[in-house]
Structure formats: structure tokens, C-alpha cells
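Here is a short briefing for a first look at a structure. Take it one topic at a time.

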Amino acid sequence: MDEPEFLFELRVCRWAEQYWPPDGERRDSAVLVARQLGTRGRRWDTIVLECDPDGLDARAVFGEERLDSDLLHVVQHAPASWAWYRDALPDPGYPWRYVREAVHEAADRGLVETRDGTNGRIELRRKYRYPEWVRRIIAIENKPDLDASAARVLGDQLERDVALGLADEVWVATRATGADVEPALYERLPVEAGILAVGDDSVDVAWNATSLAVDAPGTRILERPSGNEHDQSAARFEYADPAWKADKRLQIAERAYERGWRSFVDTMRPDCRHFELRDPDLPLPYCAAKGRHVTAGECRHACSERSPEPPAWRTNGWPIEGGPGAALKRLLADQRASRR
Ligand code: SF4
């Protein structure tokens, strides 16, 4: 049976973590990988962050949790010396009371310092400078079985990605078949999109990606003619300004920082007795009852073969801090933390 897209995606994540950039260039960035992130209208399968190594270290002092846009507004502009928050922070374009809440949250999380100033005004000052830690964002769509209809849908999505230019590069990862059919399907994808041919033991670049203009205004394609002869409608576009793009990129990076790609286990049942990660280096979820790897869609509460760990395993530190499910989650969390 062909490998499901979910497992293919995890393999691509692990490969990117180890080997990005794909053309064998020397890696001079720290690499973080996450999955299933993007904007409200577009979610990418795999996200690769190329990070400044010192910047990534400096980001760590802000904790493992992501900073949302409100918190970023505070930490990026918090002054070096005490100041009333309304004097210190730029007008956010929304009510100040939300900024005040974010200042309190930032203080609760130890990201800034606050005190009551004159007339009860809340003053803040920064504890750490928020670093420039993200160099480039790479989006990868995973499509193990790239047939004609998948290539058509993907081509449309990728054209939108290229026009918007939110990621520095967009790629498609597909299973290497070695058949002549590949090049014909590749032609349906925009030339700017790179193509990774994923084999059992190696990943080859079938087509290199073009760097997109992330600092320039982007174009959001809202609607386009279907292409058939009866469709006379015009395409509709919207402009995306560079500041919006920069904000979105950082928010995506922050979410990627928090989640990584091993968080897939959070939506599965590692507390089932049959759940295994046979190879910690490539932690694909395996079900001993089914005798094969399983997807997040199969391995869930409603699974008919699920056999929960006895509650006693999870409590009283059995045998050390919970049962096997807890240990597996811890293993993945430790691996995630070591990447940061
Ligand atoms: S039996 Fe079901 S819940 Fe248990 S590991 Fe297998 S797929 Fe997951």
C-alpha cells in the first residue's frame, strides 16, 4: 500500500531537519521545521525556518511558547528605560486597552518589566531585546502521489503562493517514481516552485525553487476565471503590503517555533498500549495491533482497537513519571526542545 500523505509528510519534516538546504550547500543557518501552519486562508504542509543561529539562541530567552501578534507588539517596542506604555509603544491601530492587557501578559510571562508609574499609569521596560532570528521561510507542499488532478490543484495553490510572496521559496515534495510521467506533471506547476523527488533513501532536487520577493508588495489572487470558454469573468486581485507580510511571517515563525513538527503526537493516542515509535530518530507512529504505521486520523479516541494504559501507569510516577505514553510524549518534546 502506498504510504499515506501524513507519514510521507513526517518523513519530509525529518529529512528537512537533517539536510536542508536540499542542493547540498553548506548549512549556515539553524533549521527549524514545523507542519500545518500558515495564514487563515492558506496552510502549508511543511515549513522550514532558516534561522540566524545567534538570533535563535536569543529568541530562547522568551520561552518555548509562541508570542502572538499582541505580545510581539509589546516586546519589539518595549523601551530600555521606564516609560508609560502608551508613550513607548506605537499606536497599534486598535484600542489601547488590548495593548494594556498584552503588557500585563508579557509581564506575567517574564518578557518585560512593569511598574505603577505616576497617576497609576502602567510603565514598562524591556528585559531582553527581541532578536531578528528568522532569515528565510520555506513552504513545502507534500504530495506523494502527484497525478494530473493533484498537479492541477497544486499548481493553482502554488501560483497564489508565488503571487503573494509570503514565503521565500515554495516547493513540492513528491514520491520519486523514476517514470517518464513526472516531467509532464511538473510542467503544470509554476516555474518558481521547486520540486523534491523523495525516494526511500534519498531526496533529489528535480527542479530548483526561485527566491520570491518577500519584501516587496504581494498580490492576493481572490478569484480567477476557470479557463473554460464560457467563463468570461475577470480575475480579482488584492494588494498585500510588505508590512502585513512581515507581520504574518513573524507570526508564522513564532507558531513554528512553539510547535515544531513532532507535535503530531498531541493529536494521537500515545497512551494506547499498542502505540509505538520504533525508531526515535524517525519517529513515525506505529500501531502494534494493526502491525503497521498509522495516521492521526486512525489513531484516535474512537479507534476500535484502542487499549488505554491502566490509569495506575499514568499516576504515581509509574515506573518513572507516568506510563509509556507520557514517556513517548516526553521523548518527542525533548527532541523538539533540542532543535531550538
Ligand atoms: S490500536 Fe488504535 S489507538 Fe491504539 S495505537 Fe493502534 S491505532 Fe492508535
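The points below cover the domains, a helix pair, a hairpin and the ligand shell.

This is a predicted model. Its protein chain is divided into domain 1, domain 2 and domain 3.

**Domains**
- Domain 1 comes in two pieces, 5–54 and 137–259.
- Domain 2 covers 63–126, and domain 3 covers 262–339.
- The centres of domain 2 and domain 3, taken over C-alpha atoms, are 39 Å apart.

**Helix 3 and helix 5**
- Helix 3 spans residues 69–77, and helix 5 spans residues 96–108.
- Their axes come within 9 Å and cross at roughly 75 degrees.
- Helix 3 is therefore roughly perpendicular to helix 5.
- On the helix 3 side, Asp-70, Leu-71, His-73, Val-74 and Val-75 take part in the contact.
- They meet Tyr-98, Val-99, Ala-102, Val-103, Glu-105 and Ala-106 in helix 5.
- By class, this contact of helix 3 with helix 5 has 8 nonpolar, 1 polar and 2 charged residues.

**Strand 8 and strand 9**
- Strand 8 holds residues 194–198, and strand 9 holds residues 203–207.
- The two strands pair in the antiparallel sense over 4 bridges.
- Together they form a hairpin, with 4 residues between them.
- Ala-197 stands opposite Asp-204 in strand 9.

**Around the ligand**
- There are 13 residues around the ligand.
- Those that come nearest are Cys-272, Cys-287, Cys-299, Cys-303 and Glu-305.
- The shell has 7 nonpolar, 1 polar and 5 charged residues.

Definitions and conventions:
Residues numbered from 1 in each chain as written. Predicted model: local features only at pLDDT ≥ 70, side-chain atom pairs only at ≥ 80, totals over all residues. Near = placed C-beta within 6 Å. Nonpolar A, V, L, I, M, F, W, Y, C, P; charged D, E, K, R; others polar. Domains from an automatic or database assignment. Pairing = 2+ DSSP bridges. Axes fitted to C-alpha atoms, helices over the stretch in contact; angles between N-to-C directions. Parallel < 35°, antiparallel > 145°, perpendicular 65-115°, else oblique. Contact = placed C-beta atoms within 7 Å.
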